[in-house]
Amino acid sequence: MKTRTRLTFVLAALAFAGGACQEAPAAPPKPAAPAPARPKSKDVAAEDYVMPTLPRAHVRLKDAYGGVHRVEVEVAATGESRTRGLMWRKSLPAGQGMLFLFPDEDVRGFWMRNTLIPLDMLFITSEGRVVGIIENAEPRTLTNRTVGIPSQYVLEVPGGWCQKNGIVRGGTAEFEGVSTIPITP
């Protein structure tokens, strides 16, 4: 009987305390270990490659009617940044672009591997003369695009921008904020 009395007392106490037997709160769960970070790609052409921030400058282009158009540019002055270019970009607003600086004049060729948007390419001499334009270069192609004339600089802008703004071969380009950027092979 003592066991039965004790059990009755325990049940009565539980009923008085709210009728439920609760376990002590568990320790808060340990946060899940973060997934191991994927190593950053060392392949400059890979989509997950993290490119350092490039210097910015401006290019002033004279159109066929004497007007001037100022383009804000990222400057690719290293081998790595010139190789990467505008790969994997999903858009490029009008009035913006990328200026490729090379150590000397030479016949240049560009392709659109991993480039997702059409681009106009302006080939510019060391004197600032536009010696050729490739318009609306087709994205994601390996076609070598060249004008066959030596240039030291190449400006890439959104596809169709040159025609829309009257920029033609033989025009001039002036650079603002470029002279202090070192050019590496």
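How many nonpolar, polar and charged residues are there in the lining of the largest pocket? By class, that lining has seven nonpolar, four polar and four charged residues. Keep in mind, as you go through these close-ups, that the model is a predicted one.

**View 1. Here is the largest pocket and what surrounds it.** This pocket holds about 230 Å³ of space. Its lining is made by 15 residues, and those nearest the centre are Arg82, Thr83, Phe100, Phe110 and Trp111. Two elements, α2 (79-84) and β3, each put at least two residues into the lining. The one that gives the most is α2, with three residues.

**View 2. Phe100 meets Phe110 in one of the four aromatic pairs of the structure.** The two ring centres are 5.0 Å apart and the planes sit at 80 degrees, so this pair is called edge-to-face. The pair links distant parts of the chain, ten residues apart: Phe100 belongs to strand β3, while Phe110 sits in the loop between β3 and β4.

**View 3. Tyr153 and Phe175 make another edge-to-face pair.** Centre to centre, the rings are 4.7 Å apart, with 65 degrees between their planes. Tyr153 is part of strand β6 (residues 150-158) and Phe175 is part of strand β7, so the pair ties together parts that are 22 residues apart in sequence. The two partners fall into separate classes: Tyr153 has a relative accessible area of 13%, so it counts as buried, whereas Phe175, at 26% relative accessibility, counts as partly exposed.

**View 4. Four Phe rings gather into one aromatic cluster.** The members are Phe100, Phe102, Phe110 and Phe123. Look for Arg108 as well: it lies over the face of Phe102, at 3.9 Å from the ring centre.

**View 5. Trp88 and Asn114 touch each other, and they share some neighbours.** Trp88 is found in the loop between α2 and β3, and Asn114 in the loop between β3 (96-107) and β4 (119-124). Which residues does Trp88 touch, not counting those up to four places away in sequence? They are Ala45, Ala46, Glu47, Asn114, Thr115, Leu116 and Arg140. Along the chain, Trp88 and Arg140 are 52 residues apart, yet their C-alpha atoms are separated by 9.8 Å. Now turn to Asn114: leaving aside its neighbours within four places in sequence, it is in contact with Ala45, Met87, Trp88 and Arg140. With a relative accessible area of 15%, Asn114 is under the 20% cut-off, so it counts as buried.

**View 6. Val178 sits in the segment after β7 (173-176).** Its relative accessibility is 9%, so Val178 is buried. Which residues is Val178 in contact with, once its neighbours within four places in sequence are left aside? The contacts are Ala57, Leu99 and Leu101.

Conventions: Residues are numbered from 1 along each chain as its sequence is written. This is a predicted model: local features need pLDDT of at least 70, side-chain atom pairs count only at pLDDT 80 or more; totals for chains, interfaces and linings use all residues. Side-chain values use heavy atoms; hydrogens and water are left out. Helices (H or I, at least four residues) and strands (E, at least two) are DSSP runs, numbered from the N terminus. Buried means under 20% relative accessible area, exposed over 50%, partly exposed in between (1.4 Å probe, protein chains only). Contact means heavy atoms within 4.5 Å. On a 1 Å grid over the protein atoms alone, a cavity is a set of points where a 1.4 Å probe fits but cannot get out, and a pocket is an open set with protein on both sides within 12 Å along at least five of seven lines; lining residues have an atom within 4 Å of a point. Grid points are joined across faces, edges and corners, and a volume is the space filled by probe spheres set on the points. Ala, Val, Leu, Ile, Met, Phe, Trp, Tyr, Cys and Pro count as nonpolar, Asp, Glu, Lys and Arg as charged, and the others, Gly among them, as polar. Rings of Phe, Tyr and Trp (its six-membered ring) pair if their centres lie within 6.5 Å; planes under 30 degrees apart count as stacked, over 60 as edge-to-face and the rest as tilted. A charge sits over a ring if NZ of Lys or CZ of Arg is within 6 Å of the ring centre and within 35 degrees of the ring normal.
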